[in-house]
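I opened this structure with a notebook beside me. These are my entries, in the order I made them.

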Amino acid sequence: MNENYFYHALRIDHKICFGCTLCMRNCPTEAIRVRNGKATIYENKCVDCGECYKVCPSGAVYVAEDDFQSIYNFKHRVVLMPSVFLGQFPEDIRASQVYSVILEIGFTHVFEVEASAFLHSILSNKYIREHETKKPLISTFCPAIVRLIQVKFPALVDSLIPIKAPVDFTAIYIRKKLIEEGANPEDIGIFYITPCAAKIAATKSPVAEDTSTVDGVLNMDTMYNIVLKEIKQKKEFNKNITANNDVTSDCVIFSLTNGERRLNNFKKSFAIDEIHNVIEFLERVEDDEIEDLDFLELRACDESCAGGILTCGNRFLINDRMMQRAKKLAERERNGETSRRKAIMNEREYLTQNSHVGRIKPRSMMVLDEDRSVAFQKLTKIKEIESKLPHTDCNVCGAPSCHALAEDVAFDRASMTDCVFMQRNLEKRGSLKVEESVEIMKNIWGEDKLKDYILNK
Amino acid sequence: MKMGLCLFINFLSFMMHTEFIVVEGDFANAGKASSEIKKTLKQLNIDNQKIKKIVVAVYEAEVNAIAHAYGGTIFVDLDEEKICVLIKDKGPGIPDIARAMEKGYSTASAKVREMGFGAGMGLPNIKNNVDELDIQSEVGVGTEIKMIVNFNS
């Protein structure tokens, strides 16, 4: 197991969490345990997919974000807005209104992330054609998927396309532009509005690079609230501000399911969204069960970025609004009202030189120990413990499954007596006192859940 | 799922024994044994290419027992150094093992071929992916395929 530190944006507020186990039961990598009545995350297993955030009934899972005021540390304050942000707003709010408000709340430049999606797609396609032997090649657009493959499918790490995401290209482009216009590099602050926690994590600790291309990340729900409030309270909008015309019609929907896949024409490719679906499919890919597979577009969220955990509103409605916008843009392109060639393509050469991420390394959470002999002993221990557990996956031990408890016990992170069935057996045998069982349960579930309600009546 | 799974662990010799039951004609569950083996090997820090080879070989043998034999049992013995997989089926047996080892030789029925199996690549494919292969067969009784892959080779 790798000891590298990986930033996680998902946190659990222990003041709010009441240990309901929903997050633990839904975590696709079994990264959550309940200790002392609160959910806790095993950081090396977490891939930042946000499933826990989605299911948490109390709002205890939250996404750490940069303080909005930190934008004022910079003279030139650029906001990178993914197209999915515009999809949040009801139909009666125009893109130009959103742009105008963003410029009034403190930013000096607005730029749409997907401006570079076309270039990203050209470079990806080129890479795929040049690396036939590594097939199937897998998109690195979704950072949760990259992390999932690193920890759970290390054999597929070499199939990841090591090309930066559109947000990085756009950030590099705009930084270069501003410097050319005379800005001091230290005065430029680039902020990205993110639809999910994984993008934050990837920005704070990039998967294979040393530095990040953006200076800060703002959560989409926070920005939505700020922008919508301004729009609702305003009567007049600055008529001179129009929405930028940076993105082509096919790139507006790049972050939706099939967005990348439709920009290439490989014989056999799939676009799969939702992390459990992805895991199921990757199991088959890993076994070489699917022949002649060229390309995989994999996204952790249902409906891809429209279903990001920080988006506001229904993912299908967001998807529809983005599709409508793409349709309108396509019509304007057909009528010759707007060109499909955008200014960013003039910097193609410079961006191409800066397009590669470093080598993406596996950091398997499956491997029990680097030393095979130790790993084998651990494995036999886990199997032995597991064979004694009831296979009910009841979660009462504070682990998501009997197998997870067996693993925790083998690694001294938990005890056999955490199992409630084990406790009953030992009590019956006389080797464990009821008081001791209650104490064990208190350690897992906290004092409150084991109060003696009957006697206090 | 009709596949049974039992587990014996012998602590003294650090061997792990697992068994899978294969049911004739149950193509829907083909790959269950190889998939379980994969999960186990992934935990032992064994080279990914090696795991792939083992999975392919076991999968081929599994399909053989489902498609061409009357079902059978897969015995898996694992220790630190190697994995040994024994597939015992309940017949009909292979009359000419040497010919069965030739690429493209097949006695599969039209029905099996229609399902995409029976191309005559099974045994040759297993041989390419393992270190040791031993096939014993008796017509009317059954076939025993024993394969060994060393982790260090």
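**Confidence.** I began with chain B, which averages a pLDDT of 81, with 83% of its residues scoring at least 70. I noted that pLDDT is the predictor's confidence in each residue, from 0 to 100. The model is predicted, so I kept the ground rules in view: local features need pLDDT of at least 70, side-chain atom pairs count only at pLDDT 80 or more, and totals for chains, interfaces and linings use all residues. Residues are numbered from 1 along each chain as its sequence is written, while chains are lettered from A and ligands numbered from 1 in the order in which they are written.

Which element of chain B has the lowest mean pLDDT? I found strand 1 (residues 5–10) of chain B there, at 48. Strand 3 (residues 72–78) of chain B has the highest, at 92. Over residues 1–7 of chain B, pLDDT stays under 50. For that stretch the model has 14 contacts beyond four places in sequence. A contact here means two residues whose C-beta atoms, placed from the backbone, lie within 7 Å. For the complex, the predictor gives an ipTM of 0.75 and a pTM of 0.87.

**Chain B, layout.** I counted elements next. Chain B has 5 helices and 6 strands. Helices (H or I, at least four residues) and strands (E, at least two) are DSSP runs, numbered from the N terminus. Along the sequence I read β-β-α-α-β-β-α-α-α-β-β. Of the 153 residues in chain B, 34% are buried. Among contacts in chain B between residues at least 6 apart in sequence, 60% join residues at least 24 apart.

**Where the chains meet.** I then looked up how chain A touches chain B. On each side 19 residues are in contact. The chain A side has 8 nonpolar, 4 polar and 7 charged residues. For these classes, Ala, Val, Leu, Ile, Met, Phe, Trp, Tyr, Cys and Pro count as nonpolar, Asp, Glu, Lys and Arg as charged, and the others, Gly among them, as polar.

**Chain A, domains.** The assignment gives domain 1 (1–64), domain 2 (68–353) and domain 3 (368–457). These bounds come from an automatic or database domain assignment. The centres of domain 1 and domain 2 of chain A, taken over C-alpha atoms, are 25 Å apart. I found 16 residues of domain 1 of chain A in contact with 19 of domain 2 of chain A. Helix 2 (residues 51–55) of chain A gives the most to the domain 1 side, with 3 residues. That side has 9 nonpolar, 3 polar and 4 charged residues.

**A helix inside.** Is helix 8 (residues 197–204) of chain A largely enclosed or open? I found 7 of its 8 residues buried, so helix 8 of chain A is largely enclosed by the rest of the structure. Among the buried ones are Ala197(A), Lys199(A) and Ile200(A). The buried residues pack against several elements of chain A, including strand 1 (10–12), helix 2 and helix 6 (143–152).

**A crossing.** The axes of helix 4 (residues 95–104) and helix 9 (residues 220–233) of chain A come within 10 Å and cross at roughly 105°. These two helices of chain A are therefore roughly perpendicular. Axes are lines fitted to C-alpha atoms, for helices over the stretch in contact, with angles from 0 to 180 degrees between N-to-C directions. Under 35 degrees counts as roughly parallel, over 145 as roughly antiparallel, 65 to 115 as roughly perpendicular, and the rest as oblique. On the helix 9 side of chain A I noted Val227(A), Glu230(A) and Ile231(A).

**Loops.** Thr248(A) lies in the loop between helix 9 and helix 10 (249–252) of chain A. Thr248(A) is buried, with 21 other C-beta atoms within 10 Å. Beyond neighbours within four places in sequence, Thr248(A) is in contact with Phe118(A), Arg340(A) and Lys342(A).

A cis peptide bond joins Lys135(A) and Pro136(A), with omega about 0°. His391(A) has a positive phi of about 55° although it is not a glycine.

How values were computed: Buried ≥ 20, exposed ≤ 12 C-beta atoms within 10 Å, placed from the backbone.
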